[in-house]
Amino acid sequence: MTQEEQKEKKLEDIKKEADEKKCPVQKSLYFVDEFLSGPMCGKCFPCSFGSYEARVRLRRLAGGSGSGEDIAAVKRIASNMSEASMCKKGKDTAKYMLEHVDSREFTDHVSGVCAQRECMDYFKYTVIPDKCNMCGDCLDVCRDNAIIGEKRKSYLSGYSPFEIAQKRCSKCGECMKVCPTGGIVFVSVKESEIVEV
Ligand code: SF4
Ligand code: SF4
Ligand code: SF4
C-alpha cells in the first residue's frame, strides 16, 4: 500500500470513528481533529488553513461559547474546502462537515443545548442543598478533590450542605452514584434543569 493509500484508509477509519458519536458538533470536531493530526499534508491552502480555522470554530461550539458566526464560518470554510482542495482527503473532510452543520442539533448549540449530551461543558453535577445530609460519601469517592464540605458529626451542629467546585470537577458522575439521598443531580448549565443520566 502506498503512503497516499494509507492516508486514504486512515481517513475512512476516522469517518467510522466520528460516526460512532451522536452529537453532530462532536462528530465534526473529531473528524477535523483527527484529519489534522494525520492525513492533512499541508500542500494546499484552502484545506490546511480551512481545517485549522474550522477546528477553532468547532471547539468553541463544543465548549459552549460558540455563536451563529461560528456556524456560518464552518459552512463557509467547508464550502471553500470542498471546491478548492487539491485532493479527495480535503474534499471528504469538507463534505463531512457540510453533512452536519445544517442540522437542528448542530445549530441548537448556539442556544446552549447539546441534545445528545456529549458536549460536557453544557452540563454540570450539582448538590441540592435541601437533600444533603452531610454524610460525606461523595467526598470519599471524588478523585478530583472537587467536593467541598465537612462530614456531619451527630453531636455537633452548624454544618452546611456540600458543594461541587465546578472548575475541578471532571464530570465522572461517581458522587451521584453513591449519594444516599439523591442529593446530587446532573443539570444543564443553561436551563438548570435536571437531566436524566
Ligand atoms: S486537500 Fe489534500 S493536498 Fe491539500 S492540504 Fe488537504 S490533504 Fe493535502
Ligand atoms: S453524598 Fe449526598 S448527602 Fe452525602 S454529603 Fe454528598 S451530597 Fe450530601
Ligand atoms: S462528578 Fe466526579 S469529579 Fe465531579 S464532583 Fe462528582 S465525583 Fe468529583
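This tour goes through a pocket, a ligand site and several salt bridges, saying at each stop what to select.

The model is predicted, so local features are given only at pLDDT of at least 70 and side-chain atom pairs only at pLDDT 80 or more, while totals for chains, interfaces and linings use all residues. Residues are numbered from 1 along each chain as its sequence is written, chains are lettered from A and ligands numbered from 1 in the order in which they are written, and side-chain values use heavy atoms, with hydrogens and water left out.

**The largest pocket**

Select Glu 8, Leu 11, Glu 12, Lys 15, Phe 31, Lys 88, Lys 89, Asp 92, Lys 95, Tyr 96 and Glu 99, which line the largest pocket. A pocket here is an open set of points on a 1 Å grid where a 1.4 Å probe fits, with protein on both sides within 12 Å along at least five of seven lines, and lining residues have an atom within 4 Å of a point; a cavity is a set from which the probe cannot get out. The volume of this pocket is about 220 Å³, counted as the space filled by probe spheres set on the points. Helix α5 (88–101) and helix α1 (3–19) each supply at least two lining residues, and α5 gives the most, with six.

**Ligand 3**

Next, show ligand 3, which sits in the second largest cavity, meaning that more than half of its atoms lie within 2 Å of the grid points. Among the residues around the ligand are Cys 142, Cys 169, Cys 172 and Cys 175, where being near requires a heavy atom within 4 Å.

**Salt bridges**

A search of the whole structure finds 14 salt bridges, each a side-chain nitrogen of Lys or Arg within 4 Å of a carboxyl oxygen of Asp or Glu. Begin with Asp 19 and Lys 15, whose closest N and O atoms are 3.2 Å apart; both lie in helix α1, four residues apart.

Then select Asp 70 and Arg 60, whose closest N and O atoms are 2.8 Å apart; Asp 70 is in helix α4 (residues 68–84) and Arg 60 in helix α3 (residues 45–62). Asp 70 counts as buried at 2% relative accessibility, buried being under 20%, exposed over 50% and partly exposed in between, with a 1.4 Å probe and protein chains only.

Finally, select Asp 102 and Lys 75, which meet in a salt bridge at 2.9 Å, N to O. Asp 102 lies in the loop between α5 and α6 (104–107) and Lys 75 in helix α4, so the pair ties together parts that are 27 residues apart in sequence.
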